[in-house]
Amino acid sequence: MLSAMESTEQPFGPSEARAAIADAESARTRLASSLRLPSFFHGSVGVAIAVQIVTGATGIARQDTWGTVLLASGLVVFALVAAVRLWQFRRLNGAWVGGLAGQVLLGTAGVASVSYTAAFGLATWAAFTPAWWLVPVAAVAGGAVYAWSGQRWWHRYQGAPAEHSRGENGVVLAVAGALALVFLIVLVALR
Amino acid sequence: MTPDLDPILQAPARLKLMTMLTAVSEAEFVTLREHLAVSDSVLSKHVSALAAEGYVRSRKGVHAGRRTTWISLTPSGRDALKAHVAALRELIADVE
C-alpha cells in the first residue's frame, strides 16, 4: 500500500522539473540580493587594516615593551572592528555568510592576502629605515586594496551566491591563527 | 528511465528552502519565512521534515533581542540537494 505522502505526490514531468529549478534558483538570487552590508562596511575594514599595519610595523621596529603594546593594540582594534561589523551584518539581515567573514574580513581572498603581506612587509622594512614616511603610505595602500578586494568579493557573491557563500575550513583558520600566535610569541621572545 | 528524485525534496517549498540555504551559512527562521512567503506553521513543518532527514540543522538563538531559530544546510543536505537537482536536470534533458 502506498504511504500517505507517496499517494499524494504529483507525477513529475520535464516542465515541472524546469519550473521547480527556476523557481528555487530565483528564490536564492532574491535572498542574496536582499542582503545588505552595514554602512561604510568596506571602508571601516580598510581603515582597520591600515591601522593594524601602521601599529604592527612600528611596534616591530621599536623592539621594546611599548612596541609590543602598539602591535597588540592594532590587532585588538582590527578584531573589534571585524567582530562588530559581522554582528551588524547578522543583525541587519537575519543571515550569516561564512564567505564574508573569511574572504572579506580575514582577507583569505588571494588579492587581500597578497596585498596585505606586501604592505605589511614594506611598512615593517620602512619602519627600520629613515624612509619612515613609507609606513603610512604602505598602510593606506594595503588598507585600500584590502577594502577593494572585499568589495569585489561581495559583487561576485551576489552574482553567484552558492559558489561564494561558504566560509573557510575551520582547520585552515585554526592553523592560520596558530601560526599568527607563534609569530607574535617569537617577536616578543626576540625582543 | 526515470531519474531518482528525492521524495523529501519534491515539495517545491522544500526545494526552494534548501536552495536558498546554499546562499548563506545560516539564516534566521523569519528571514526564510519572508522569502518563501509561507506561514510560521508551514515553514516549521518543512524544517522539521528536513531536519528529521538530516538535511538541515536548526538551533535556538537570539536576534535583535528576541529568541529565534537559525537554520543551516548540513553536508548531507547539500549532497541530497545536488543529487535531486541533477535528477531534475536529467529529467529535462531526456526530452530535449
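Modeller: Chain A contains nine helices and one strand; here helices (H or I, at least four residues) and strands (E, at least two residues) are DSSP runs, numbered from the N terminus. The structure is a predicted model, in which local features need pLDDT of at least 70 and side-chain atom pairs count only at pLDDT 80 or more, while totals for chains, interfaces and linings use all residues. Residues are numbered from 1 along each chain as its sequence is written, and chains are lettered from A and ligands numbered from 1 in the order in which they are written.

Read from the N terminus, the order of elements in chain A is α-α-α-α-β-α-α-α-α-α. Chain B has four helices and three strands, in the order α-β-α-α-β-β-α from its N terminus. Along the principal axes, the C-alpha atoms of chain B fill a box of roughly 50 × 25 × 20 Å.

Burial is judged by counting neighbours: a residue is buried if 20 or more other C-beta atoms, placed from the backbone, lie within 10 Å of its own, exposed if 12 or fewer do, and partly exposed in between. By this count, 35% of the 191 residues of chain A are buried, and 34% of the 96 residues of chain B are buried.

The buried residues of H4(A) are Gly67(A), Leu71(A), Gly74(A), Phe78(A), Arg85(A), Phe89(A) and Asn93(A). Their cover includes H3, E1 and helix H5 (98-105) of chain A, as well as H2 of chain B. Just after H4(A), Gly94(A) adopts a positive phi of about 65°.

H4(A) also belongs to the side of chain A that meets chain B. Two residues are in contact if their C-beta atoms, placed from the backbone, lie within 7 Å. The contact between the chains takes 28 residues from chain A and 26 residues from chain B. On the side of chain A, the elements that give two or more residues are helix H2 (14-34), helix H4 (65-93), strand E1 (95-96) and helix H8 (161-164). H2(A) gives the most, with 13 residues. Sorted by class, this side of chain A has 15 nonpolar, five polar and eight charged residues; Ala, Val, Leu, Ile, Met, Phe, Trp, Tyr, Cys and Pro count as nonpolar, Asp, Glu, Lys and Arg as charged, and the others, Gly among them, as polar.

Two strands pair if DSSP finds at least two bridges between them. Two bridges join E1(A) to strand E1 (residues 26-28) of chain B, and these strands run antiparallel. In E1(B), Ala27(B) is the bridge partner of Ala95(A).

Helix H3 of chain A, part of the cover of H4(A), deserves attention as well. H3(A) has 22 residues and reaches 32 Å from its first C-alpha to its last, close to the 32 Å expected at 1.5 Å a residue. H3(A) is mostly covered, since 17 of its 22 residues are buried. Just after H3(A), Gln63(A) takes a positive phi of about 50°. In the loop between H2 and H3 of chain A lies Phe40(A), which has a positive phi of about 55° although it is not a glycine. Phe40(A) is exposed, with 11 other C-beta atoms within 10 Å.

A nonpolar core is a set of buried Ala, Val, Leu, Ile, Met, Phe, Trp, Tyr and Cys residues joined through C-beta atoms within 7 Å. Among the 65 residues of the largest nonpolar core, Ile53(A), Ala123(A) and Leu21(B) touch the most other members. H3(A), residues 41-62, gives the most to this core, with ten residues. Leaving aside neighbours within four places in sequence, Ala123(A) is in contact with Ile53(A), Val54(A), Ala57(A), Val135(A), Ala138(A) and Ala139(A).

How values were computed. Expected span 1.5 Å × (residues − 1).
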